[in-house]
Amino acid sequence: MQSLKIKNLECNRNGRSIFTGISFDVTPGRILLLSGKNGSGKTSLLRILAGLMPPKAGSIVWGDKKFTDKRDRELFSPLYIGHSNPVKLGLTVRENLIFWAKIFGHGLNVDAALEQFGIRNHSELPASYLSEGQKRRLTLARLALDQPVSTLPSLWLLDEPAWGLDPEAVKTLSNLAIDHVKNQGMVIISTHGNNLDELLALNSDRYSLTENNC
Amino acid sequence: MLNRIGLLIIKDVKLALQGASDTGMTFVFLLLACTLFQFSIGPDQTLLIKVGGGVIWVVALLATILSLERLFITDFEDGTLEQYFLSPMSLVFFALAKAISHWLTTGLLVIISAPIIALLYSLPNEVFLPLFLSMVIGTPILSLIGTLGAALTLGAKRSGVLMPLIILPLYIPVLIFGTLVIYNVMYGHNYNSFLIVLIGLLLLSLALAPWATACALRQAIE
């Protein structure tokens, strides 16, 4: 089976080496859990994979195709969810989700997505009424709308997605990730070892960014 | 693509109207600044008529800058900008959408205020139409160059100070040709050539500014 091969990836920020020699494979149908101490480069690695920043060296390869810029990454239609929640406080919960669904060309089954994350009863409220955990749920609800348009496996890049979530929402998130890989998608999640890791244990591989990478 | 640009514009205008205090602030600033000029010049009506055209354009430039500082900051801080970067929409179109939303929330206000200011400065009636035309052509240029300035200073310390230093020199041609339209009408000359120059400047900034803004945003994201 083909896999996404990350080879000898290096990252520099502001003249400081964040990591070197990162190599691993991501296989469709499996979740990869990235672990490592604070500052080990998990976020930078996910940002590089998403195409948000260039690596200093190394390659990202699918089959015989080398991915060098954002346009190449689009083949995988990566869905990146970072630390922050791109939620517009002046729009309602529903408007926020519809906006992103239309921008990314996702499905518009918004009510079901909001229901899954337990915020459907807030759908007509301005997002400013939501707690931080609920804003995180709203951000993650985009995962429930993702409809890959490419023939290549769709790649989810989730940076500490469970931050601020209660156990119920973590369970919803893990179910979505498992469903995604069952459909031959790929998921990379940066984590600090919590309930999410345990829920995904059977479907996941692990990669740790250690001091050897610095 | 047009749908996505439309979505962005609608969202930005809606958010801007919800924060009506910002829009209102621009309007109050315009009137306040013009009144301050009047106080400093004094009641000499001939002098007021002479400087009126220049004052309108200077105040329009300053009002445009006032609302530029926060143009990208919220999107940058809450991760929205990253998502636009990853979306199927090019950042060039995003920059264009931002410039259009800025014009709709600020430029239109400047255009609406211009006749009121012209009345305050007792400008002759025949000035109103050319003033309106020059503003309709000139204010989108201010928004396009302004978005570039806001993108270039995104994430920089003291961006509020740095941005006017970058964009004010680029505003000078608009200021010169905009005021020339008004003064040529007042002195009975033909003003069409200056409107054509303004149209040329608009086309030039329309072609270059969104592209340059997208490059600056890409740098800020990386």
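Trainee: At roughly what angle do the axes of α8 and α9 of chain B cross?
Mentor: Helix α8 (residues 159-186) and helix α9 (residues 192-221) of chain B cross at roughly 155°, and their axes come within 9 Å. That makes α8(B) roughly antiparallel to α9(B) (over 145 degrees). Axes are lines fitted to C-alpha atoms, for helices over the stretch in contact, with angles from 0 to 180 degrees between N-to-C directions. Helices (H or I, at least four residues) and strands (E, at least two) are DSSP runs, numbered from the N terminus.

Trainee: Which residues meet there?
Mentor: From α8(B), B:Pro173, B:Val174, B:Phe177, B:Gly178, B:Leu180, B:Val181 and B:Asn184. They meet B:Phe194, B:Leu195, B:Val197, B:Leu198 and B:Leu201 of α9(B). Contact is C-beta atoms, placed from the backbone, within 7 Å. By class, that contact has ten nonpolar, two polar and no charged residues. Ala, Val, Leu, Ile, Met, Phe, Trp, Tyr, Cys and Pro count as nonpolar, Asp, Glu, Lys and Arg as charged, the others, Gly among them, as polar.

Trainee: What should I keep in mind about the model?
Mentor: It is predicted, so local features need pLDDT of at least 70 and side-chain atom pairs 80 or more, while totals for chains, interfaces and linings use all residues. Residues count from 1 along each chain as its sequence is written, and chains are lettered from A and ligands numbered from 1 in the order written.

Trainee: How many residues of chain B contact chain A?
Mentor: 17, against 21 residues of chain A. On the chain B side, α1 (2-18) and α5 (80-86) each give two or more residues. That side divides into seven nonpolar, five polar and five charged.

Trainee: Switching to chain A. What's the strand order in the open sheet?
Mentor: β2-β1-β4-β5, four strands with antiparallel pairing; pairing takes at least two DSSP bridges. β2 (16-26) and β5 (65-66) of chain A are at the edges with a single partner strand each, so one side of each has no neighbour in the sheet.

Trainee: How many bridges join β1 to β2 in chain A?
Mentor: Seven, with β1 being residues 4-13. A:Leu4 stands opposite A:Val26 in β2(A).

Trainee: What lies across β1, β2 and β4 of chain A?
Mentor: Helix α1 (residues 42-50) of chain A, at about 120° to β1(A). β4 there is 57-62.

Trainee: Into which domains is chain A divided?
Mentor: Domain 1 (1-77 + 149-214) and domain 2 (84-147), with bounds from an automatic or database assignment. Each gives 13 residues to the contact. On the domain 1 side, helix α6 (residues 167-182) of chain A has the largest share, five residues. By class, that side has eight nonpolar, three polar and two charged residues.

How values were computed
Angles under 35 degrees count as roughly parallel, over 145 as roughly antiparallel, 65 to 115 as roughly perpendicular and the rest as oblique. Two residues are in contact if their C-beta atoms, placed from the backbone, lie within 7 Å.
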